[in-house]
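Have the sequence and the model open beside you, and try each task before reading its solution.

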Amino acid sequence: MILLLMPIIQIILFGFALTTEVKNTEVAVLVPTNDDATSRIIDKINASAYFDVVAKIHTTSEIQPIFRDAKAKLVMVFEDHFAERLRETGKAHIQLIADATDPNAATSFTFYASNIIASYQQELAGPVANPYQIIPEVKMLYNPQMIGAFNFVPGVLGMIMLLICAMMTSIAIVREKEMGTMEILLVSPMKPIYIILSKITPYFVLSCVNFATIMLLSVFVLKVPIAGSFISLVVVSLLYIFLSLSLGLLVSTMTDSQQAAMLISGMGLMLPVMLLSGMIFPVENMPVPLQWLSDIVPAKWYISAVKSIMIKGLGISSVLKEVAILSFMSLVMIGISLKKFKIRLE
Amino acid sequence: MVVRQRINKIIFMIKYLLKKEFKQILRNSFLPKMIFIFPFMVLMVFPWAASYEIKNLNLSVIDNDHSTYSQQLIQKIISSNYFRLTDVSPNYNKALKSIERNQSDIILEIPTNFEKNLVNRQGGKVMISANAVNGMKGGIGMTYLNSIVMDFNAGIIHDLMPAAQIPGAAPTIEIDTQYRFNPHLNYRVFMVPALMVMILTLLCGFLPAISIVFEKERGTMEQINVSPVPKSTFILAKLIPFWIIGFIVISIGFLIAWAVYGLIPAGHFSTIYLFAAIYILTVSGLGIVISNYASTLQQAMFIVFFFMMLFIMLSGLYTPIDSMPEWAKWIAAFNPLKHFMVVMRSVYLKGSNPLQLMNDLLALIGFAVFFNIWAVLSYKKKS
Amino acid sequence: MNNIPQIKSGKVITAENLTKKFGHFTAVDNISFEVERGEIFGFLGANGAGKTTAMRMLCGLSIPTSGKGIVAGFDIESQTELVKKSIGYMSQKFSLYDDLKVWENIELFGGIYGMKDNEIKEKTDELMKVLNFENERDKLVGSLPLGFKQKLAFSVSIFHSPQVVFLDEPTGGVDPITRRQFWELIYDATSKGITVFVTTHYMDEAEYCDRVSIMVDGRIEALDSPKNLKKQFNATSMEEVFHQLARKSTRKAD
């Protein structure tokens, strides 16, 4: 069923297709004078995985149409007599004109382009060791290869579990209410708590299966290792599943129509999670009010905990804050749900 | 003659059906609110949240040198707007803890004798460790820090190196960058048109589908099946209200874009409306197809939701399509959202006209035709 | 009034060897019968006997696997649209729009069956009087009690004066008094020349019909007037007749 398929597809997408890196940017070059320097630079650009040189133009009037027709996102304009100027005056100009419709991409690829140009510059300078040079030693922690999946997997976990548990549970319960069978159950000698538990259980199981699936895919297909204790990860995840189920319960007490339940959990949960949980967009850069909002999104805490355990390799003691917050949130939600439930009965 | 009679009849029926649809929408307690509040909220909140700009990186510093140079370097870093000093630690382990606690994102370690070594022509060394869980953030942070260090270094070289010894032969290529269409590199400008596409998709694809499945579940669909109302007419009556709503919403969207973000399309509104019309057709067709195959509301909602997810991910809203592997780009080519998003952004920011967007235009028309034919065929009155 | 060719005499419904199979399962097994104009024809059987399936074929909602059917002079398979213009239908779920008002429902269905606006208005006023619904006219159908909904649904189904109206288990869940009132509406309709084809599993309602057929396991095991059937099976009530036939059944309820 789709419920099982969805996480798999998401992981594959996020793992392989979605990346914030900017690659394969199409470049057009304007070279008034062909010479060894320009050729060398253009070769280097073309050879890089980040760029594809798609056109060579000769006049500045051709630049705007290139952007308009979306033929290229970057136009590299060399000064005329480039190599000559470089040799004789020690300085030459390159202008990078970028299509900044996507500002993030634009800053990225102009940056890459600058780097490539700088490396050519280095080539020319030769291996002159400057005694006053500061050489930084660089270490990328936890994710030395800067694999995007490391950042996305916890996010996908957070989102899927929340969706399955909260949304499906709430719809299932509301469905019963709509069909009237809920009343039958309530009238039976079964305590309400057992009725609820029985509604919740299938989705609980489903979430555990999804969790396992996502873990397997992440570790074996995406090569995202579990750096920390798997048990801690499971414990925190169970807590989160529990919280999501309570959330579903809460939503179900708020409405009597399936349509509304879906819309609330879909729009009301999915969007904030996607946006504000730190899953895709970093929270630290958001305006302060949004950061506060983000604190209310349970997914945010879970994702943070998963990152700490799974990627940073920390133990459960480091995520006590998140655990505490998640537990507190669950209790509050269950409390409100139970209260509302009781009121309905009277 | 017969054809005209037929058409008259259909128009007649549509009149009644439309009356019903509009009444139902207005009476529904949820829908009108959703239709107006939701886009409003999305357009107001999303653009602020959705940004990859990296600012305010938290820096942890280990200064084992306590020299003029080390202080100057640290000062220089802090005075750039990219970094905030959030931690000062005596050694690496402590600094690492601050990263573990998410208190800092990047560590700069300046070893002892930093200044001394530089002055004595022994070169200098610093250690930069960046939290790369978010690879991009780590990479960019690293780069910023690196470039500040290099800048600092250039100053030192200038001070310390006797003029004659400057390796004059080393040529410099000066790079001058110009950003077109969005000179302020405003990410919001990029997001808003894309968001309008997303909103339109939800409202015109999602809602009519739900509406149809709802009638299926309730049984009123059967009553219509048994009447002389032809397949296409019923579907049309379902769609028209949402088309109208779509146009209204998109217009409100333009207003909000202008009022709140100062965004005015560089291109023509008529271009946008033209594409919007085709897109709305496409997306409602898809919604109908889904509604024909789903028998319960739960099913329908879930399928719609699933497709919505997929489409949004592969639309270029969050991550660039160009960076995706070939197979993903292929799938994206079949994503109507992606095409419309390209169109929206191009028209808004570049002022493109339909001729320049011919590829996307053809793709969208193709999808519209495909989905709608499928929709009509799969709506079965007989089983 | 619709310009539908009215067949002056003879059969309004003819079923010839109608069969419907779903995969290996035969829901309706080779049934044949005829319904006269102005009759109240009862289609009885237990749940799962195939009544609803048979009816859906006659309404053009379902394509027969084999066999032929003629309703109001039109073939159910090749002239479905014409059949639909000539019939009315009321389903188990009553199929009115809960979120539309009483008069709005009437207007909608009147309109899609091609009635003119002034005709609709006139007949609506008339109907409100007859049903005593004047106070309910502007109420949302969803807020009406079940009995009202039922009567309204029936009235809507014959609003456009069809030749025959198909009723699928119309009296489920209402009290006996309301049921009686409902059947009065049915009699009223037949007095206007409308043929009524009704499926039910309430055996006492069978007594109200002119003729009755009893389906068991997809086949028609009996077809005659209630009086004759009781004689034939030596029974005092239709219920008894049914029990005798049902004992032969091998199919479980839906």
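Two residues are in contact if their C-beta atoms, placed from the backbone, lie within 7 Å. Keep in mind that this is a predicted model.

**Exercise 1.** Work out what share of the contacts in chain B between residues at least 6 apart in sequence join residues at least 24 apart.

*Solution.* Start with the pairs in chain B that are at least 6 apart in sequence and in contact. Then keep those at least 24 apart: they make up 78%.

**Exercise 2.** Decide whether chain B is spread out or compact, using its radius of gyration.

*Solution.* Then look at the C-alpha trace, which spans about 100 × 45 × 40 Å along its principal axes. Finally, turn to burial: 47% of the 383 residues of chain B count as buried.

**Exercise 3.** Describe the side of chain B that touches chain C.

*Solution.* Begin with the count: 22 residues of chain B are in contact with 22 of chain C. Two elements of chain B give two or more residues to this side, helix H1 (2-27) and helix H8 (220-225). H1(B) provides the largest share, eight residues. By type, the side divides into six nonpolar, eight polar and eight charged residues.

**Exercise 4.** Which of the two pairs of chains in contact shares the most contacts?

*Solution.* Set aside chains A and C, which do not touch, their nearest C-alpha atoms being 13 Å apart. Of the two pairs in contact, chains A and B share the most contacts.

Conventions:
Residues numbered from 1 in each chain as written. Chains lettered and ligands numbered in written order. Predicted model: local features only at pLDDT ≥ 70, side-chain atom pairs only at ≥ 80, totals over all residues. Rg over C-alpha atoms; globule rule 2.2 N^0.38 Å. Buried ≥ 20, exposed ≤ 12 C-beta atoms within 10 Å, placed from the backbone. Helix = DSSP H or I, 4+ residues; strand = E, 2+ residues; numbered from the N terminus. Nonpolar A, V, L, I, M, F, W, Y, C, P; charged D, E, K, R; others polar.
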